[in-house]
Amino acid sequence: MYNHQIRRILVYIASGKAMEIHSRLLAVRKELGKRQLEFAEELGVSGTAYKTYEKGSQVVPTSIVLQLAERYSISPNWLLLGIGGMHNEPPTQMVLSAITAARTIIDEFEFKPNADQELQLIRKMFEQSYSERNILDRSRSDLKKTG
């Protein structure tokens, strides 16, 4: 039963239904006070390409997510999944975000985990967040070496 619920959650997340990245991308641009063309140029893409990302008709490339994290401290968890706040968070906030994300999933899927299962889901959410942070740190380091 538990594995079936986790599988359903992962399929849901992978399907893109849980994501509204285009809306969050628009929110980032608006917070920064940028026009679409100006923002596109800063990110190294054409205005046309950027508009498709913001409309949600094209997938936002990983390179854009990395640039937003590097240049503007935008949280990849928030941008991709809507988890946590817009800006990168300190480690204690990562733990709180993992708990919030797990409880949101539990509520959304009307899943009734026991304490061990809930802890396991929170741990998975934290590990995902932590591994994404390590990937970003390595990418930043690689960019600095080549830049």
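The structure is a predicted model, in which local features need pLDDT of at least 70 and side-chain atom pairs count only at pLDDT 80 or more, while totals for chains, interfaces and linings use all residues. Residues are numbered from 1 along each chain as its sequence is written, and side-chain values use heavy atoms, with hydrogens and water left out. The protein has 8 helices and 0 strands, where helices (H or I, at least four residues) and strands (E, at least two) are DSSP runs numbered from the N terminus.

**Overall make-up**

- Read from the N terminus, the elements follow the order α-α-α-α-α-α-α-α.
- Of the 147 residues in the protein, 36% are buried, a word that here means under 20% relative accessible area, with exposed meaning over 50% and partly exposed lying in between (1.4 Å probe, protein chains only).
- The accessible surface, computed by the Shrake-Rupley method with a 1.4 Å probe, comes to about 9,000 Å², and 54% of this surface belongs to carbon and sulfur atoms.
- Among contacts (heavy atoms within 4.5 Å) between residues at least 6 apart in sequence, 55% join residues that are at least 24 apart.

**Salt bridges**

- The structure holds 5 salt bridges, each being a side-chain nitrogen of Lys or Arg within 4 Å of a carboxyl oxygen of Asp or Glu.
- One of them joins glutamate 54 to arginine 29, with the closest N and O atoms 2.8 Å apart.
- Because glutamate 54 lies in helix H4 (residues 47-55) and arginine 29 in helix H2 (residues 21-32), this pair ties together parts that are 25 residues apart in sequence.
- Both glutamate 54 and arginine 29 are buried.
- Lysine 34 forms a salt bridge with glutamate 38 (4.0 Å, N to O), and lysine 34 also forms one with glutamate 42 (2.8 Å, N to O).
- Glutamate 38 counts as partly exposed because its relative accessibility is 25%, and glutamate 42, with a relative accessible area of 23%, is partly exposed as well.
- Through salt bridges that share partners, Lys34, Arg35, Glu38 and Glu42 are joined into one network.

**Nonpolar cores**

- In soluble globular proteins, nonpolar side chains tend to be buried together.
- A nonpolar core is a set of buried Ala, Val, Leu, Ile, Met, Phe, Trp, Tyr and Cys residues joined through side-chain atoms within 4.5 Å.
- The largest such core has 17 residues, of which Val28, Phe39, Tyr50, Val60, Leu68, Ile74 and Leu79 touch the most other members.
- At least two residues of this core come from each of H2, helix H3 (36-43), H4, H5 and H6, and H5 gives the most, with 4 residues.
- Apart from this core lies another, of 12 residues, among them Ile105, Ile106, Leu121 and Met125.
- Valine 60, leaving aside its neighbours within four places in sequence, is in contact with Ile21, Leu25, Tyr53 and Val65.

- The buried residues of H5 are Ile64, Val65, Gln67, Leu68, Ala69 and Tyr72.
- Just after H5, serine 73 takes a positive phi of about 55°.
- Serine 75 is placed in the loop between helix H5 (62-72) and helix H6 (76-81), and serine 75 counts as buried because its relative accessibility is 5%.
- Beyond its neighbours within four places in sequence, serine 75 is in contact with Gly85, Met86, His87 and Asn88.
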